[in-house]
Amino acid sequence: MTSIFPLLRGTITTLELTILLLAIGLAIGIFLALGQVYGPLPVVAVINIYERFFRSIPALVLLFLFFFGSSYFGLSLSPFLSAVLALGFRSSAYQSQIFRGAIQSIDEGQMMAARALGMKGFQAIKCIILPQAIRLAIPPWSNEYSSVLKDTSLAYAVGVVELVREGRYIIVRTFEPMLVYITIALVYFVLTYAGNKLLAFLEKKLAVPGYELKLKEAKSTKYER
Amino acid sequence: MSDKTIILKIEDIHKSYGKEKVLKGISFSVKEGETKVIIGPSGTGKSTLLRCINGLTKPDKGHVWLDGVEITNSNVNLDRVRQSIGMVFQNFNLFTHLTALDNVRIGLVKVKKLPRDVATEKAIAMLKKVGLEKKAHLYPAQLSGGQQQRVSIARALAMDPKLILFDEPTSALDPELIGEVLYVMKNLAESGMTMVVVSHEMGFARSVCDEIIFLDKGVVVEQGPPDVLFNHPRNKRTREFLCKISELYGESGER
Amino acid sequence: MSLLSLIKEISPQLLEGTLVTLQLTGFAISLGFVIGMFLALGRLYGRGPVRKFCIGYIEFFRGTPLLVQLFIVYYGLPRYGIKVPSIVAALLGLGLNSAAYQAEYFRGAIQSIDEGQMMAARALGMKKLQAILNILIPQALRIVIPSWSNELIYTLKYSSVAYIIGAPELMAQAKFIAAENFRYFEVFLVVAFIYLVIVSLLSWILRIIENRVRIPGLQTS
Ligand SMILES: Nc1ncnc2c1ncn2[C@@H]1O[C@H](COP(=O)(O)OP(=O)(O)OP(=O)(O)O)[C@@H](O)[C@H]1O
Ligand SMILES: [Mg+2]
């Protein structure tokens with residue numbers, strides 16, 4: 001019974017990690033996607049290298065790089081902060097791909113019609129392209145949420161006291177590894193499920209009437225890891 | 001005739017994509033209230049020409065004047081210019097995430113910066129003009145092709161343009177939906193709107209247009225009033241092309 | 001000591017770790033392949049309890065972190081008399097985890113095959129199982145190649161998590177070296193570079209294979 005409180009505390013830390021790094025990944029990711037679609041060639045090349053880097057290197061290695069790198073450069077970020085940054089940048093590379101795909105799947109006539117009305121480029125992106133892209137991006141983004149939530153467990157390795165580490169502390173006291181880890185697994189499972197349900201609700205709420213078919217198509221690729 | 005002002009004048013427009021020379025020196029002018037119809041085989045650069053007129057494509061060479069102001073000048077604000085040139089596309093290009101009303105309203109609110117209630121009133125008036133005020137709250141995917149095209153005409157009209165460009169506005173429509181769009185366009189032409197229309201609807205051309213321009217291989221081959229061009233085409237290529245489209249579209253005149 | 005001489009000094013040990021990483025990845029993806037195929041077929045064609053089990057398995061492994069799964073295998077199972085060395089636990093955990101993902105890829109591929117294929121096979125007089133084995137699976141395996149390539153690279157990257165339970169792969173070797181010379185950042189920079197190279201190389205090879213086995217004229221989106 002005394003184990004419930006630390007598990008709750010760990011769950012909250014895990015959620016904080018998840019939300020913070022998703023937010024960072026979202027902000028940078030959309031920006032990168034726009035750069036890739038509308039930017040000049042050198043910008044596209046730089047973004048490609050950035051993506052390649054963060055997608056090829058394992059999350060765990062990135063965590064260590066940011067954690068030890070910050071002290072190497074005299075910044076000494078806390079484990080929590082270096083985890084948020086490492087995984088946040090990593091997520092931005094994946095989210096950039098999600099949003100790029102969504103933007104590119106929008107008919108180019110939309111941009112042309114917007115410009116023909118006299119909108120400036122950034123106005124067209126803000127009022128016409130992004131609202132449509134974000135709707136299309138929800139199903140793959142929900143996938144990214146699940147991955148990121150699970151990957152926060154790796155912050156355990158740089159000493160963040162999140163759900164798995166709280167579990168470890170309990171096991172040291174109770175010698176019940178199976179019970180504790182199964183419980184933790186269930187917590188993750190519920191969080192994944194609830195998050196996906198929430199996003200599916202959002203998707204439905206934002207759906208454009210008459211456009212359900214297109215959304216169904218996007219969904220059929222949902223099992224990608 | 002001559003007392004009317006020239007709204008649009010284009011001179012010696014050239015445009016190439018890579019090695020392919022699409023436009024090789026096009027010139028014509030359009031007076032206030034005139035409707036000009038551009039015809040020509042697929043791939044001759046009709047769409048490219050229209051995009052050169054409102055600056056969506058930058059011509060390699062040549063000049064465009066709108067209402068006496070040269071808009072091919074590099075220091076002209078093209079976004080400002082496009083506000084006064086409406087454009088209607090072959091595949092409508094209605095903004096898919098916005099209702100019919102919002103599609104018409106968005107240019108007024110975001111580009112013209114009109115207050116929301118004023119913009120709404122105007123948007124509804126425009127939808128009324130194309131006979132769709134009852135469909136204001138439906139999304140594009142809930143409208144038929146003909147209805148979508150009428151909304152897109154309302155969207156262009158709402159900006160109070162000096163000129164509207166139509167790029168094959170009916171060629172993506174099922175035959176039974178073409179009539180309603182042509183009807184709206186005809187009313188527009190008769191109410192004095194200045195229009196440049198790429199279309200192979202000969203009935204429409206006969207009944208409302210002032211001049212037909214036949215474009216082939218990047219040049220103006222022949223131009224003239226519809227009855228002259230249809231009945232006594234001087235150029236062999238014009239004759240052959242007119243034969244071909246009358247087979248395709250029929251010579252039925254009014255639809 | 002410059003970075004270059006550091007690299008020279010630590011590379012034998014890192015190379016050893018890299019080999020373990022590659023082996024671990026190879027065995028885990030193979031284990032995942034076999035189990036994944038059974039799970040996919042069970043989920044698609046199985047009856048009541050079989051189908052339920054497959055769905056439960058897939059959802060559990062996809063819905064929970066690999067780290068927790070490894071902890072369950074390595075720290076949880078010994079309670080029930082199943083005690084294995086860390087490298088075996090890592091292999092089991094990674095393989096069982098990958099099986100869930102591969103199952104979904106296989107299922108997607110099988111489902112994307114036109115119904116007419118099954119019908120035509122049955123019309124020839126094949127039994128359902130025969131049709132699945134001879135007609136559906138060969139086609140599905142080709143369709144699944146792009147997502148399967150992706151999964152292979154994921155497994156390679158996530159094999160690094162095995163370090164946390166003490167499997168002597170690349171990360172573990174790196175941590176070991178760094179604990180002696182205290183040059184954590186540089187050592188992990190080298191490790192990052194190694195992963196970058198392997199992943200790039202592997203993606204390149206897989207892309208070539210993808211192009212080789214494409215059936216002429218058959219579009220598999
Ligand atoms: N953005 C572009 N990049 C490269 N080539 C282009 C581009 N736009 C048009 N073209 C080429 O220019 C030529 C003219 O195209 P355009 O669309 O203007 O013809 P069109 O007369 O409108 O034909 P259609 O009747 O089929 O609409 C075509 O050969 C086309 O391939
Ligand atoms: Mg065209």
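Which side chain of chain A does R79(C) meet in a salt bridge? It is the side chain of E176(A), with N to O at 3.5 Å. Keep in mind as you read that this is a predicted model.

**Who touches whom**

- Two pairs of chains are in contact, and chains A and C share the most contacts.
- Chain B and chain C have no contact joining them, and their closest C-alpha atoms lie 25 Å apart.
- Over all chains, the structure holds 22 salt bridges.

**Where chain A meets chain C**

- On the chain A side, 38 residues are in contact, and they touch 43 residues of chain C.
- Together the two chains bury about 3,900 Å², and 70% of that area is on carbon and sulfur atoms.
- As a general idea, side chains of opposite charge can pair when their charged atoms come close.
- Nine residue pairs are in polar contact across the interface of chain A and chain C, with both residues at pLDDT 80 or more.
- Six helices of chain A each supply at least two residues of the side that touches chain C: helix 2 (41–56), helix 3 (59–72), helix 4 (79–104), helix 6 (121–151), helix 7 (163–174) and helix 8 (177–206).
- Helix 8 of chain A gives the largest share of that side, with nine residues.
- Sorted by class, the side of chain A that touches chain C has 25 nonpolar, four polar and nine charged residues.

**Chain C on its own**

- If you trace chain C, you will find eight helices and zero strands.
- Read along the sequence, the pattern of chain C is α-α-α-α-α-α-α-α.
- The C-alpha trace of chain C spans about 75 × 50 × 20 Å along its principal axes.

**Where chain B meets chain A**

- Here 24 residues of chain B are in contact with 22 residues of chain A.
- The area that chain B and chain A bury between them is about 2,100 Å², with 65% of it on carbon and sulfur atoms.
- Three residues to look for are F95(B), T96(B) and H97(B), which supply 29% of the area that chain B buries against chain A, more than any other three residues.
- The rule finds one salt bridge across the interface of chain B and chain A.
- In the salt bridge between R115(A) and D79(B), the side chains meet at 3.2 Å, N to O.
- Seven residue pairs are in polar contact between chain B and chain A, both residues being at pLDDT 80 or more.
- Helix 2 (78–83), strand 6 (85–88) and helix 3 (100–111) of chain B each supply at least two residues of the side that touches chain A.
- Helix 3 of chain B brings the largest share of this side, four residues.
- By class, the side of chain B that touches chain A divides into 11 nonpolar, seven polar and six charged residues.

**Around ligand 1**

- Ligand 1 is surrounded by residues of chain B, among them Y17(B), E20(B), T44(B), R51(B) and E168(B).
- An oxygen atom of ligand 1 is 3.0 Å from a polar backbone atom of G45(B).
- For K46(B), a polar backbone atom is 2.8 Å from an oxygen atom of the ligand.
- Taken alone, ligand 1 exposes 630 Å², and the protein buries 61% of that.
- Strand 2 (20–31) and helix 1 (46–53) of chain B are the elements that give two or more residues to the shell around ligand 1.
- Helix 1 of chain B gives the most to this shell, with four residues.
- The shell residues divide into two nonpolar, six polar and four charged.

**A salt bridge inside chain B**

- E222(B) and R234(B) form a salt bridge in which the closest N and O atoms are 3.7 Å apart.
- E222(B) lies in strand 10 (residues 219–224), while R234(B) lies in the loop between helix 8 (226–231) and helix 9 (236–249) of chain B, so the pair ties together parts that are 12 residues apart in sequence.

Methods:
Residues are numbered from 1 along each chain as its sequence is written. Chains are lettered from A and ligands numbered from 1 in the order in which they are written. Side-chain values use heavy atoms; hydrogens and water are left out. Contact means heavy atoms within 4.5 Å. Buried area is the accessible area (1.4 Å probe) that two parts lose on being put together, summed over both. A salt bridge is a side-chain nitrogen of Lys or Arg within 4 Å of a carboxyl oxygen of Asp or Glu. A polar contact is a pair of N or O atoms within 3.5 Å; within protein, one must be able to donate a hydrogen and the other to accept it, and residues adjacent in sequence count only if both atoms are side-chain atoms. Ala, Val, Leu, Ile, Met, Phe, Trp, Tyr, Cys and Pro count as nonpolar, Asp, Glu, Lys and Arg as charged, and the others, Gly among them, as polar. A residue is near a molecule or strand if one of its heavy atoms lies within 4 Å of it. Accessible areas come from the Shrake-Rupley method with a 1.4 Å probe; for residues, only the protein chains shown count as cover.
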